[in-house]
Amino acid sequence: MVIPIHACEPLIPTAPGDLPDRIFVGNDAPLLEDSAYVLVVLNRALRGVDNPVIDGAIAHANSLNLGIVVYSELLEAADYASDRLFYFALGAFRALARSLTKQSIPCIQTIKKADDTQDVLSLLASQAAAIYTDEDYTVWDKAKLKRLLSIASQSVFFIDAARLVPTRVLPSGLKTTPAFRKAHSERRDHYSQLRASVANSDIFSNRCRLDLELSYSHNFANYDDAELTACVAQCDINHTIKISAEHPPTQAEISRRIATLKAEILSRYKWIRNNPALAHSTSQLSPYLHFGMVSPHQILAEIGASEVPKTYTWKFRDEFLTWREWSHYQAFHKPELHSYQALPTKAKQTLDDHANDPRLELTPLEDILQGRTPDKTWNAAQKEWLTTGWLHNNLRMYWAKQLLRFTKSPKAAWDTACYINDSISLDGRDPATYASMQWAFGNAKPGYSEKEIYGWVAPKSDRAILKRKGMAKWIDERT
């Protein structure tokens, strides 16, 4: 049962700005009486400002004359847990804890190990009047929400914190990108204005402070990089996928990338966005958006404050808002977006019709993972991704399609694509990455003719890639 805040008065107090459209009731439990605080559980909305989860919890806690406690945990047993993903997540934890410390908001963070006898989340939940948490739509996000609901004996509220326009306010049944773009664009300015108004509301100046000694109070605010690295090394996770030096999980790095976006990218984005060899052809903000270290509203506000006219920024806005939030919309309405079965029926049919076609470039999985295939361009892309944890989207589109050549069946190609995306990519396990791979596997216009292996799924060559300035050198340097 998930119902909007509007239907829940007087259970939830009137909240300012866009909060009423972002908060939904996740269960039918009442508020817990004689409680100590309102608990905020942040899974992927790992930021201390412009965070509707925290904003909504504060508004509710104020009405109860309570403070809030913010909690986040890493599960050692999580799928694809590795040095790379744990270090980035802990860096996001650290930035979050530092932001909340400045606001005098208690922040508790843990790494939940397989042999832990104490469940900190259950302990904190037992003393909470209500629980607020961020709602996202992948199978892993939903598993976290399911676990929280199994623990909670009080009201749990799901908050849309990852998107500019809340997914649930959009009409259902949008089947095409143009239809989504129209419905979404009609609401963008409205939600930008509402989101901005929250920061100017009185919920923060009148915030109730927590006057309580918590039995558990650890967080990562005071950890330096070496201490985070040592902490990761002590976890029982995959240590073969190394920490990415190229993408540090800090607010300073986010600020630097936004500054570069405004100064170097926005005015030229339409013309440079498809060239991975350029130092600044894309913002490279996707890892930080995936982990919720920055919000869409924050990025749009920065773009709006730049001197670049809208006639130049429209393409970036469209890629950022239409395509990213369209992928989230699809995941909401099709939770199995990460599975081969979620591909369009016609795409699956034509791929399956050609499943027995000769595949002369079959490559063992380990050689695929290490970038040792017959395709030099593909190998360079894979090695870049494996080394840094991030790959330019134009190369990802080429990369995904070639896996149909290297693997024994269409489903094996899809499974391999997902495995690599989920395990090595800092922005993997995300609706946007699954939607991109779905495009490569046929969720797009059909090809001009039927091909071996691909059927009517359009193939993609590297001819255009190799013509781009600097790409031949870029590939040579990685192979």
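Visitor: Which residues line the largest cavity?

Guide: Happy to show you. A word on the model comes before the tour: it is predicted, so local features need pLDDT of at least 70 and side-chain atom pairs count only at pLDDT 80 or more, while totals for chains, interfaces and linings use all residues. Residues are numbered from 1 along each chain as its sequence is written, and side-chain values use heavy atoms, with hydrogens and water left out.

The largest cavity is lined by R44, A45, R47, D134, D136, A161, A162, L289, H290, G292, V294 and R324. Here a cavity is a set of points, on a 1 Å grid over the protein atoms alone, where a 1.4 Å probe fits but cannot get out, and a lining residue has an atom within 4 Å of a point. The volume of the largest cavity is about 60 Å³, where volume means the space filled by probe spheres set on the points, and grid points are joined across faces, edges and corners. By class, this lining has five nonpolar, two polar and five charged residues. In that scheme Ala, Val, Leu, Ile, Met, Phe, Trp, Tyr, Cys and Pro are nonpolar, Asp, Glu, Lys and Arg are charged, and the others, Gly among them, are polar.

R47 and A161 line the largest cavity, and R47 and A161 also line the second largest cavity. In total, three cavities of 30 Å³ or more are counted.

For an open space, turn to the second largest pocket, with a volume of about 630 Å³. A pocket is an open set of points with protein on both sides within 12 Å along at least five of seven lines. This one is lined by 27 residues, with L74, L75, A78, W140 and K144 nearest its centre. Two or more lining residues come from each of β4 (67-75), α3 (83-102) and α5 (139-151); these helices (H or I, at least four residues) and strands (E, at least two) are DSSP runs, numbered from the N terminus. Helix α5 gives the largest share, six residues. By class, the pocket lining has 17 nonpolar, three polar and seven charged residues.
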